[in-house]
Amino acid sequence: MKINRHIATTYFVASKKMTTVAIVGVLLGMSIFMFMNSMAEGFDRTSSESFFKSTPHIRVYKDDVLSVPLSDEGTTLIVNPKVVPSKNTIENPMDWVKLIRKQPDVEVVFPQVSCPVFYNNGKSQIIGTTIGFDPVEADKMFKISSFTVQGRLSSLTTHQDGIVIGSGIAEKMNIRTGDKINITSSKGVNLTLTVVGIFKTNNSKEDKTKSYVNLVTGQQFLKENNVYVTDINVNVKNPEQAPQIAAELTTLTGYKAEDWKAANEAYMAASRMRKIVITFISFTLLIVSSFGIYNILNMTVSQKINDIAILKAMGFNGGDVVRIFVYQAMTIGAIGVALGVVFALILVQALQHVYIGGDIGYFPIRFEPWVFFRGVWLGLFITFLAGYIPAKKAAKVDPVSIFRK
Amino acid sequence: MILSVKNIEKYFHDPTDFKVLDGIGFDVDRGEFLTLVGKSGSGKSTLLYILSTMDTDYTGQLIIDGEDVSGYDQNRLSAIRNEKIGFVFQFHYLLTDFTCLQNVMIPALRLGKLSDKEVEYRAMEKLRILGLEDQALKPASKLSGGQQQRVAIARALINDPLIIMGDEPTGNLDSKNTQIVFDILQELAHVNKQTIIAVTHDNDFAKASDRTIEMIDGRLA
């Protein structure tokens, strides 16, 4: 009812100082809450973005198998478990690739080989890894073109003897696109390739060790034929669903299908930790800020206990009294939340322009609509609770006991 | 008959069980100016708060305007108070954050039957009757005791209640203001046919009313 709002507004205006303090409390709590959560989202996004530049959502490969003890009906004869010597190739890789490609939710599939290599630089050698794959498919998955700084990845298709190297290697060896590079593989194969591209990720270790070649070149390095494949890389539509799809692929192919979460347990654990800490701190801030509202309302209720008794005598019921005080709380909350949103936006804007350097570059934060949306509702909800508890107390005031004092 | 009580009994439980009202029963007619008197502790104020519907912890029957309200819940009682009963307290009890005019308007705005403009007009009218139209826009706390009590009366009148109840309505006023308040109440009873029930320990005030009910130790004398 309008009169309840009118009374609430009058009380709101009558205690300007306390109200302002409560609003500032909500403002700070809200803005830091939204800011910190935006930051968490930003961290997550940039790290998984940089992650997926070198890691597929799912990697299918042949896992090592331990030898089974030689036994005869329960009597163990020989126990010497060790890795069964076998090639870690996937049999009939192209058939598997075709089959996996047909699975729902699967977006990109391609086979690859990886081989430890030495980049020969005069007398010194740089140790690294080269990856052999189909450049067109690989570009779809890792978006290599987006961080290629010289030449083009697609040139690999026309240059069978081409190679794309990391900027760290190029710098050390003083190489540009078009130059030749001599490489020895761990299997002793020595090849001279033409540099057709140079990439620069925001991971300096990758830049100093990694290179990309055609699948056939990779197989040559390993002294293997053209059906030798160590991994099948799979990207799915939603990376979050990778573990389930990986389990399906394991049963489908019989090979080990490992999702990116399982492959990077340490990273995932750190990310979970960060999330927990940020959530904990931001929630605490939000709750602490709501104490301001709780306080001011408790105070108002105590101060206005006579008013409440009179209002009740004049025919206001418990619900009216609750509405008066909740309305007052919600007004403080709404103003605090609105200003909090503005303040959080300013913080996000300001931090976006802070250069951190290294692998991160600019501070990885941006306006996250979902975080702000959630923050606003959470803020209003906590405000409501902080107002409702004292309001309920006010509604229970017995007017007779006040008048008879 | 506008109000009737039958066999009202009430106990206080703190510190020990104590029967504060015992078998109270009487009827009040429309337009009657009734005063309740008795020594302090005789239960007259306790009875008034039961009549006012604010105190529901009793046994017996309370009939207001033909409606037995004894078993009603708080929300229905609030609505009855809002529409049918006006209050005047000893300590005037205005809402200090509001102007006099707003204080008078609040019960009518709660009732919600008239537009804000009409309520404001009516409130000004009531203040004029009580000689306070020039104080209307002042904060309630800036008025003298007598003026505040008259604002409280104007507030009690805004919804044209059937019954106006007062707990020592002149208890805090000097003799001149007491006379003014008494005259107003009498006029309301006799001209407007509104019922007045007031608790008082002012004997002159009681004598001048239409009927006096005296209470002794929780019973009617």
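Two strands are taken as paired when DSSP finds at least two bridges between them, and I begin there because that rule of at least two bridges decides which strands belong to a sheet in what follows. Please keep in mind throughout that this is a predicted model.

With that rule in hand, let me turn to chain B, where an open sheet of six strands runs in the order S6-S7-S8-S3-S9-S10, with mixed pairing. Strand S6, residues 85-88, and strand S10 of chain B stand at the edges, and since each has a single partner strand, one side of each is left without a neighbour in the sheet. Further in, strand S7 of chain B, residues 163-167, runs parallel to S8(B) and is joined to S8(B) by five bridges; looking at one residue, B:Ile164 has B:Ile196 as its bridge partner in S8(B). Across S6 and S7 of chain B lies helix H5 of chain B, residues 145-157, which runs at about 170° to S6(B).

How confident is the predictor in chain B? The mean pLDDT of chain B is 86, and 100% of its residues reach 70 or more. Within chain B, confidence is highest in strand S8, residues 195-199, at a mean of 91, and lowest in strand S10, residues 219-220, at 83. For the complex, the predictor gives an ipTM of 0.90 and a pTM of 0.76.

That brings me to the contact between the chains, which takes 22 residues from chain B and 19 residues from chain A. On the side of chain B that touches chain A, the elements giving two or more residues are helix H1 (44-51), helix H2 (74-84) and helix H3 (100-111) of chain B, and the largest share, six residues, comes from H2(B).

Setting aside neighbours within four places in sequence, A:Phe325 is in contact with A:Leu297, A:Val301, A:Gly387, A:Pro390, A:Ala391 and A:Ala394.

Conventions. Residues numbered from 1 in each chain as written. Chains lettered and ligands numbered in written order. Predicted model: local features only at pLDDT ≥ 70, side-chain atom pairs only at ≥ 80, totals over all residues. Contact = placed C-beta atoms within 7 Å. pLDDT = per-residue confidence, 0-100. Helix = DSSP H or I, 4+ residues; strand = E, 2+ residues; numbered from the N terminus. Axes fitted to C-alpha atoms, helices over the stretch in contact; angles between N-to-C directions.
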